[in-house]
Amino acid sequence: MISKYRHLIDLNDFSVSEWDSIISLAKEIKKNPALYSHRCDGKIMGTLFYEPSTRTQMSFQTAMLRLGGSIIGFDNPETSSVAKGENLKDTTKIVSSYADIMVMRHPLEGSAKAAALTSDCPIVNAGDGGHLHPTQTLTDLLTLSEQKGTLSGLTVGLCGDLMNGRTVHSLLKALSCYKNNKFVLISTPELRLPSYIKDILNASSCSFCEVDSLEDAIPELDVLYMTRIQKERFSSEEEYNAQKDVYVLDRNKLMKGKHDLVVLHPLPRVDEISIDVDEDPRALYFVQAKNGVYVRMALILTILENPSPTKLFDGKVHAGVCCRNKKCITNREKYLPKSFWGMGDTLVCEYCDERILL
Ligand code: CP
């Protein structure tokens with residue numbers, strides 16, 4: 001199924017050369033933002049945040065305002081008609097008739113794709129549950145490109161909640177498209193990377209290993225991407241308590257890192273990076289967060305100035321088959337058409353990537 005609008009649901013809705021163009025444009029905007037201050041005059045962006053956010057929501061809003069456009073939206077669904085029971089389809093349909101572009105964050109996986117089915121303007125995925133966060137990845141790529149001068153041949157450690165961390169999933173998918181990166185996946189056995197992302201890494205030119213110890217891994221890294229344990233994705237407080245505070249980057253551990261190590265974190269941080277690390281010149285997570293504005297300005301311009309269709313589904317409906325992922329949007333919004341693509345004796349949900357063994 002093809003939508004006539006240019007959505008960004010997953011980074012692979014754009015080609016690698018388009019990511020590179022967005023990063024180059026972001027660098028140009030950063031050098032001279034005034035040149036771009038009227039490029040979106042008269043345009044309106046809708047921001048629908050069904051889940052809390054500081055950086056993504058405000059950097060998108062700042063980006064649109066700095067381009068000369070305007071913003072509408074909500075940052076709490078309880079203050080909108082969602083609280084009266086309005087479904088995603090109707091909210092999307094209505095807001096997309098007011099706005100030229102919509103940015104949506106939602107706790108359920110596949111929600112941005114579901115919204116794109118009925119939207120009358122482009123949708124940008126600002127995070128769908130524990131699934132994907134493609135615009136955080138654009139921010140990460142811009143920061144890495146600035147700091148390292150390349151997105152290839154890097155040894156990248158990713159540490160923390162690799163199972164639920166949507167920023168990790170999107171970043172690994174993206175970096176695996178560049179040559180000869182090596183990933184060191186640092187987590188407890190309970191929070192390892194989902195197997196569908198490992199399959200993507202295995203099919204790429206990149207290698208990866210799974211380890212338990214941050215301290216042992218740090219000396220070989222060019223980049224360390226720390227992540228928060230995603231409390232809101234755990235089913236009980238006990239399970240969360242068993243995982244929190246396992247990995248803490250402090251000055252002692254950082255002393256073992258290379259002199260040109262780049263430490264990133266999508267933020268918000270809880271306790272996984274000590275405050276005293278902030279003064280180290282290798283700690284670049286605040287630069288990374290600020291870069292979010294420039295890269296989102298570049299993305300908004302790219303989407304609005306280069307309209308083109310987006311393929312939403314490759315697969316087909318399989319009668320009677322439902323996605324087994326309880327966090328998939330298709331299990332909340334029952335009217336949604338199910339769609340799966342086949343992989344041997346396995347079906348893959350096209351909203352959330354859950355695999356179903358037949
Ligand atoms: N990195 C990120 O997504 O932060 P927010 O949750 O504050 O938007």
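Student: Which residues of β9 are buried, and on which sides?

Tutor: In general, side chains in a regular strand alternate between the two faces of the sheet. Here β9 is covered on both faces: Val223 and Tyr225 are buried on one side, Leu224 and Met226 on the other. Buried means under 20% relative accessible area, with exposed over 50% and partly exposed in between (1.4 Å probe, protein chains only). Strands (E, at least two residues) and helices (H or I, at least four) are DSSP runs, numbered from the N terminus. Please keep in mind that this is a predicted model, where local features need pLDDT of at least 70, side-chain atom pairs count only at pLDDT 80 or more, and totals for chains, interfaces and linings use all residues. Residues are numbered from 1 along each chain as its sequence is written, and side-chain values use heavy atoms, leaving out hydrogens and water.

Student: Which strands does β9 pair with?

Tutor: Two strands pair if DSSP finds at least two bridges between them. β9 pairs with β6 in the parallel sense over four bridges, and Val223 is the bridge partner of Val156. Three bridges join β9 to β10, also parallel, with Tyr225 partnered by Leu264.

Student: What is the strand order in the whole sheet?

Tutor: The order is β8-β7-β6-β9-β10, an open sheet of five strands with parallel pairing. β8 (207-211) and β10 (262-264) each have a single partner strand, so one side of each lacks a neighbour in the sheet.

Student: Which helix packs on the sheet?

Tutor: Helix α6 (residues 166-175) does, touching β6, β7 and β9 (223-226); contact means heavy atoms within 4.5 Å.

Note on methods: Axes are lines fitted to C-alpha atoms, for helices over the stretch in contact, and angles run from 0 to 180 degrees between N-to-C directions.
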